[in-house]
Amino acid sequence: MENTKVIKVGLLGLGTVGSGVYKLIERQKEEMCQKTGADIKIEKILVHNIDKKRDHVPLELLTDRWEDIIENPGIQIVIEVMGGIEPARTMILQALNSGKHVVTANKDLIAEYGKELLDAAENNGTDLLFEAAVAGGIPIIRPLKQCLAANEIDEVVGIVNGTTNYILTKMFEEGMEFQEALEKATELGYAEADPTADIEGLDAGRKVAIMASIAFHSRVVFSDVHTEGITKITARDILYAKEFGSVIKLVGVAHNTVDGIEVAVHPMMLSQEHPLASVRDAFNAVFVHGDAVDDVMFYGRGAGELPTASAIMGDVIDVMRDIQYHCTGRISCTCYRSTPVKPFREVRNKFFLRMQVENKPGVLAAIASVFGVHKVSISKVIQKVITDGAAELVIVTEAVKEYHFMDALEHLRDMETTREISSVIREY
Ligand code: NAP
Ligand code: HSE
């Protein structure tokens, strides 16, 4: 359209997500004016290695000089899809302080420096949006900040890491052990060359910190989140889960309770009837409970080129509309409370404990007594004899404080009749 306003964008990063953003802008650009009242143009793309072969974008768009973006007054929106803390943090701050709006997918940064960045956006009247930072293509930040804003939210529970959900699905459905399932996830490109952040629950921990901050209106940072990964889950644990009518999932759990926010990521046994139990493969889902809306669940692809670009471009379109209607900086930090985060040791959970013990009289009674001393109430006991002289005991507890259970566990570990503590998994 002639005389249509053009909003110029600087793209930081042209990897998986950056390439998706480039493709989606190309695919959408004819209709951008109808959607926002302005056309969109990528002015420059910042990359690390300018010599890398890239056939999918015009070479004149590429730069390895940040100055080409920050010093270009025509660029109104910066899309940050480089990842990592630095230089992304400094670049985003500089962009906001120069009056540029920022859209980012960077969960590491938002989970740690969200307040600093949102304060900078507020001080400059600029937009800082980050829908893609949690659960990729699934809308969850905007629903929490806007659609559900009239609710008192007390629970956010999510499967927010696709790699681990894929691994656990393979273990559950095909009987694979962890290592074999991880190799398959790597082969398919779900797991990265270094899968630590996924399999140890760190990636999910960052996403849960961001969701809890927004849902409960109080800042939760990554270091507040207790994280445990899935590396110790075995095919045998999965067999028991099946026997109990449950599945094992890596779950991010956040509760807003009267005595503080509880926030953690760990594997959990979930009843097969829970809506999250049917989330298979690399899919993600987030389950939210609000006092007015009741239960809501969001489901979809939590990663990948186009799903993630979809979330980013939703944010970019919002910024373009805000620019057109002169209302940028409308929704900034929503953490107006200061609710303490409860120490994890005080959180109550139900536990599944699998252990190998000497198979002789009095052992079970002694174990039950240890639990009694540590105020742990037992709800279920299963005993299977594995070899001559050894029995596998599975004990499921009622909801008890973490430290009561962990103290009992230490006591059990030290008993002469205990051959091995094989696994400890929480139950939802
Ligand atoms: P990626 O494939 O590794 O791409 C990173 C891009 O950033 C590359 O183009 C790289 O340049 C560029 N870059 C890195 N450091 C740079 C620096 N110092 N200066 C200039 N350019 C730099 O990463 P990605 O998977 O697209 O992820 C990007 C972000 O999106 C991360 O924050 C990630 O957590 C988030 N995210 C990713 C997904 C997903 O599915 N991948 C989903 C949700 C959120 P070169 O090309 O020259 O190396
Ligand atoms: N590595 C993440 C996952 C995707 O497996 O879900 C990026 O957040």
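How many bridges pair S13 and strand S17 (residues 418–427), and in which sense, parallel or antiparallel? The answer comes in point 6, after a short tour of the model.

1. A word on the ground rules. This is a predicted model, in which local features need pLDDT of at least 70 and side-chain atom pairs count only at pLDDT 80 or more, while totals for chains, interfaces and linings use all residues. Residues are numbered from 1 along each chain as its sequence is written, chains are lettered from A and ligands numbered from 1 in the order in which they are written, and side-chain values use heavy atoms, with hydrogens and water left out.

2. Let's begin inside. A nonpolar core is a set of buried Ala, Val, Leu, Ile, Met, Phe, Trp, Tyr and Cys residues joined through side-chain atoms within 4.5 Å; buried means under 20% relative accessible area, exposed over 50%, and partly exposed in between (1.4 Å probe, protein chains only). The largest such core has 92 residues, and Ile140, Leu144, Val156, Ile167, Ile210, Met211 and Val288 have the most contacts inside it. Helix H10 (residues 202–216) gives the largest share, nine residues. Another core, of 34 residues, lies apart from it and includes Leu14, Val17, Tyr22 and Ile317. In soluble globular proteins, nonpolar side chains tend to be buried together.

3. Contact means heavy atoms within 4.5 Å. Setting aside neighbours within four places in sequence, Ile210 contacts Lys107, Ile110, Ala111, Phe130, Ala133, Val134 and Ile141.

4. Next, helix H1 (residues 16–28). Helices (H or I, at least four residues) and strands (E, at least two) are DSSP runs, numbered from the N terminus. The expected span of a helix is 1.5 Å times one less than its number of residues. For the 13 residues of H1 this gives 18 Å, and the end C-alpha atoms are 18 Å apart, which agrees. The buried residues of H1 include Val17, Tyr22, Leu24 and Ile25. Packed against the buried residues of H1 are strand S1 (6–12), strand S2 (39–46), strand S4 (75–80) and helix H12 (305–324).

5. Asp237, in helix H11 (residues 235–243), counts as buried because its relative accessible area is 0%. Leaving out residues up to four places away in sequence, Asp237 touches Lys232, Ile248, Met269, Phe352, Arg354, Ser423 and Ile425. Gly260 belongs to strand S10 (residues 260–271) and is buried too, at 2%. Along the chain Gly260 and Ser338 are 78 residues apart, with 9.8 Å between their C-alpha atoms. Tyr190 sits in the loop between helix H8 (178–187) and helix H9 (196–199); its relative accessibility is 35%, so it counts as partly exposed. Beyond neighbours within four places in sequence, Tyr190 is in contact with Thr163, Tyr166, Ala185 and Ala282.

6. Now back to the opening question. Two strands pair if DSSP finds at least two bridges between them. S13 and S17 pair over eight bridges in the antiparallel sense, with Phe351 opposite Arg426 in S17. Strand S15 (residues 390–397) pairs with S13 over seven bridges, again antiparallel, and Leu353 has Ile395 in S15 as its bridge partner. Two bridges join S13 to strand S16 (residues 400–401), also antiparallel; here Asn349 stands opposite Val400. Strand S13 (residues 348–358) is mostly covered, with eight of its 11 residues buried.
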